[in-house]
Amino acid sequence: MFEILEKERIGPGVNRAVISAPAIAEAHRPGQFIILRTTDNGERIPLTVADKNVEKGTITLVWQEVGSTTYYMGTMCVGEKFQDICGPLGAPTHIEKFGTVVGVGGGIGVAPLYPITKGMHDAGNNVISILGARTEGLLIMTEEMRKVSDELIISTDDGSYGFHGFVTQVLQGLIDRGQQIDLVVAIGPVPMMKAVVNVTRKANLPTVVSLNPIMVDGTGMCGACRVEVGGKTMFGCVDGPEFDGLQVDFDLLMKRLAMYKGQELIALNNFRDTPRGCQCTFPGGA
Amino acid sequence: MSDQQAKPAKKPKVPRQKMPEQDPIQRAHNFYEVALGYENDLALLEASRCLNCKKPSCMKGCPVEVDIPDFVSLVKAGDMIGAAWKIKEKNSLPRIAGRVCPQETQCEARCVVGAKGKNEPCAIGRLERYVADYAAIHGDGKLPEMPKATGLKVGIVGSGPAGLTLAGALIKKGVAVTVFEALHELGGVLVYGIPEFRLPKAIVRAEVDELRRMGVEFKTNWVIGRIETVDDLLEKRKYDGVFIGSGAGAPLFLKIPGENLNGVYSANEFLTRANLMKAYMFPQADTPVAKGRRVVVFGGGNVAMDSARTSLRLGAEEVTIVYRRTMEELPARSEEVHHAIEEGVKFELLSSPLEIIGNEQGWAVGIKLQKMQLGEPDASGRRRPVPIPGAFYEKECDTVIVSIGNAANPLVPSTTKNLETNKWGNIVADPETGKTPKDRVWAGGDIVTGAATVILAMGAGRKAALSMIDTFKI
C-alpha cells in the first residue's frame with residue numbers, strides 16, 4: 001500500500017506523485033485531505049489531494065519542499081512506500097450549481113483547487129480560474145486547470161508570464177468589468193487568502209477558503225488545528241478545511257502556523273545532516 | 001534481653017507489599033516505567049494475605065469480573081502462568097489493566113482484608129500485573145484453543161480498550177473480527193494518551209499482537225465516518241454486527257480569552273505529541289512539542305497528572321497544576337497525585353483560570369487566575385468552589401495544558417443513520433448490553449459514558465461481547 005507509482009518535479013522544490021491508495025481514491029471527495037507519515041519516526045502532515053483515479057486506485061499529491069518531511073518526500077522515488085496515509089479527512093467541498101464560480105489559486109494552492117474546480121465545472125457552473133505565482137517557473141497545473149475552466153487567467157508577481165501583478169488585482173478587474181460572480185473559492189498562502197477576502201468583502205461576494213493549520217490526528221481528537229471563524233473556535237480538520245473566508249481570523253492562523261518555526265529549522269538541519277539520496281539519480285538506480 | 005517474652009509470638013501479620021519504583025528524582029527526567037513490578041517473593045508474600053473468601057466481594061468491584069480469589073490461589077501455589085490464564089478468561093488485557101486500573105476504588109476497595117479495619121487490602125492489581133508480565137515473558141506463547149469459525153463477522157470501530165476487549169472475546173468464540181483504527185498505531189488512548197512511563201507502548205503492542213495471532217484483523221489509518229460509514233459496514237460489507245468504541249476524543253476548552261495562543265495545548269494534543277508521536281525523541285522523531293520552562297496544567301484528573309509529569313520529563317523547570325478545589329477533591333487516582341508530588345509537580349489549589357495572557361507574537365506568557373473558596377456541597381456531594389470577590393492574581397508561564405475533559409467525538413454518530421445521542425453527544429446504548437436502538441449496532445466505552453477509565457471501557461467491551469454472543473446464539 002501507499003507505493004509511489006509516478007513522481008516528477010513540476011517546479012523548483014515542487015513535486016507531484018501518483019500514489020497507490022485505492023480505498024482513499026474511492027472515498028475521496030473534492031476538498032478533502034489526507035494525513036501522511038513518511039517513516040516510523042515521521043510526523044503526521046496534512047496534504048490536500050490534488051487528483052485521483054478510482055479505476056487505477058491512485059491519488060495524486062503535490063507538495064512544496066518547505067520542512068523536513070516535505071524535503072524527505074522530495075527524495076522518495078518510484079517504488080518507495082509511505083509508512084501511512086490516512087484519509088480522506090475533512091468535510092468535502094459543498095458543490096452545486098451556483099452560477100459563476102471564480103477559483104483563485106496561489107502557488108501550491110492550485111493543487112487543492114484543481115479537484116474543486118473540476119467538481120464545480122462538472123456541476124454546470126461557469127468557472128473562471130485565476131492562477132498566480134511569484135514567477136513563471138512556479139506556476140503549476142495550468143494545463144489541467146485550463147481543461148476544467150471556462151476562463152483561465154494567469155498572473156505572476158514579476159510579470160514573467162500573464163498578467164503582471166497579483167491575483168487580487170485580476171479578481172478586482174473581474175469585479176470592475178461587471179462580471180457576475182456567485183462564489184469565490186480561494187486557496188493559497190495565508191496572506192493571499194487574506195488579500196482575496198479583502199477584495200471580496202468590499203464587493204460582498206461569498207468566499208470559501210481552504211485552511212492549512214498544523215494538525216496531528218486530523219479527526220477532531222487533539223485540537224492542534226484550532227482556527228477562529230466568526231469569533232468562534234473551530235477545528236480545521238473536522239469543521240473544515242473549508243470555511244467562510246469573510247469570517248476567518250487570518251492573523252491568528254499565521255501566528256499559529258509559526259508555532260514550531262524554531263523546531264522546524266532544527267528538524268530541517270537534522271534532515272540535511274543525514275542526507276538521503278534518491279536512488280533514481282544514481283547510475284543503476286530504478 | 002528481658003525474659004518477659006516467654007509467650008509464643010503470634011504469627012506476624014504480613015503487611016501489604018510495596019511495589020518497587022524508580023527513584024522520583026531520577027524518573028522525573030526519563031520516560032521509563034515508574035513502577036517496576038513485584039519480584040517472585042514479594043508476589044508470594046502479598047498473595048499470602050488473601051483470605052480466599054467464600055463469597056469474594058472483590059469480584060463484585062471488578063467491571064470485568066475477574067476470578068480474583070482463584071487467580072490469587074494459583075499465585076500462592078506458585079503457578080504464575082496458570083494465574084495469568086485464569087485472569088485471561090475474563091480479561092484479555094491483564095498487563096494493561098494491572099497497570100492502569102484504579103484498583104483502590106474497585107476490587108481492592110471491597111477486599112475483606114482491608115475492610116477489617118487496620119489492615120490494607122490485598123494488592124490485587126500488583127499481583128495481576130506480576131502474573132501477566134510473568135506469563136508474557138516466561139509463558140510458551142501458546143494461544144488458547146480456538147473454536148471453529150461460526151461464519152459470523154463483526155466490525156469494531158476503534159482499537160482502544162473497549163474494542164480490544166471485545167475483539168478478544170469474540171475471536172475466542174469463532175467470530176471473525178475486524179478492528180478499524182483512525183490512527184497509525186493500535187491501542188487508542190492506551191498509545192496516544194497514557195504516557196510511556198505509566199504504560200509502555202511495547203506492552204500494548206504485545207497485547208495487540210496476541211490478538212492478531214488469534215486471528216483478529218486490524219486496519220489502521222481507517223477513519224470510520226470518512227472512508228466508509230457504519231452503515232457501509234452493515235449494508236455493503238455485510239457485517240453481522242458493528243461495535244462503536246470510538247472514545248471520547250474531542251477535547252474541551254475553557255472558552256476563556258487567549259486559549260488559541262501559541263503554547264496552549266489540549267491535554268490530548270500535548271500527550272499525543274509526546275507519546276504517540278514520540279516528541280521526546282525530537283529531532284530523531286520529526287514531531288515537535290513546545291518545550292515549556294514554566295508549564296501550567298488546568299484540571300485535576302489523571303490526564304492532568306499525566307500532562308504535568310510528561311512536561312517534567314520533557315525538561316520543564318516548573319510545572320503547576322491549577323485546580324479550583326482542594327487536594328481532597330482531586331479526581332485523579334491518589335497514586336498518580338502522590339507520584340506527581342514526589343516528582344516535583346506543584347499544586348495551585350482553589351484557583352480558577354480567567355484568561356491566558358499573550359505577547360505580540362501570539363505566545364502565552366502568563367495566566368490570570370481567580371482565587372476560590374469552598375462553599376456548599378453541590379449535587380455530586382463535593383463542596384462547590386465559589387470565587388472570592390476581587391481576589392485575582394497573575395502567574396507567569398510559557399505553556400498551558402488544558403486538561404478539563406473530553407466531549408464525544410461527533411465523527412461516527414453524525415455519519416451513522418438512526419443512531420441516538422444524548423445532549424452531550426454520547427451514543428445512547430443499554431448500559432448492561434451495549435446494544436443501541438439501531439439494529440445490529442452496539443456501542444461502549446467513552447463514546448457512551450463520556451470520559452471514564454480504561455477498565456470501564458474494557459467492561460463495556462465485555463458486556464457487548466456477552467450480548468453479541470447471546471444475540472448471535474453462539
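This is a predicted model: local features need pLDDT of at least 70, side-chain atom pairs count only at pLDDT 80 or more; totals for chains, interfaces and linings use all residues.
Which residues of α3(A) are buried? Residues are numbered from 1 along each chain as its sequence is written, chains are lettered from A and ligands numbered from 1 in the order in which they are written, and side-chain values use heavy atoms, with hydrogens and water left out.

**View 1. An open sheet of 7 strands in chain A, with mixed pairing.** The strand order is β11-β10-β9-β8-β12-β13-β16, where strands are DSSP runs (E, at least two residues) and helices are DSSP runs (H or I, at least four), numbered from the N terminus; two strands pair if DSSP finds at least two bridges between them. β11 (163-164) and β16 (242-244) of chain A stand at the edges, each with a single partner strand, so one side of each has no neighbour in the sheet. Within the sheet, β8 (residues 100-106) and β12 (residues 183-187) of chain A pair in the parallel sense over 5 bridges, and A:V102 has A:V184 in β12(A) as its bridge partner.

**View 2. Helix α3 (residues 110-122) of chain A.** The expected span is 1.5 Å times one less than the number of residues, so the 13 residues of α3 should span 18 Å, which agrees with the 18 Å between its end C-alpha atoms. Of these 13 residues, 10 are buried, meaning under 20% relative accessible area, with exposed over 50% and partly exposed in between (1.4 Å probe, protein chains only). The buried residues are A:V110, A:A111, A:P112, A:L113, A:Y114, A:P115, A:I116, A:T117, A:G119 and A:M120. After α3(A) comes A:G124, whose phi is positive, near 95°.

**View 3. Helices α2 (residues 68-75) and α8 (residues 261-273) of chain A.** Their axes, which are lines fitted to C-alpha atoms over the stretch in contact, with angles from 0 to 180 degrees between N-to-C directions, come within 8 Å and cross at roughly 30°. That makes α2(A) roughly parallel to α8(A), since angles under 35 degrees count as roughly parallel, over 145 as roughly antiparallel, 65 to 115 as roughly perpendicular and the rest as oblique. In contact (heavy atoms within 4.5 Å), A:S68, A:Y71, A:Y72 and A:T75 in α2(A) meet A:A267, A:L268, A:F271 and A:R272 in α8(A).
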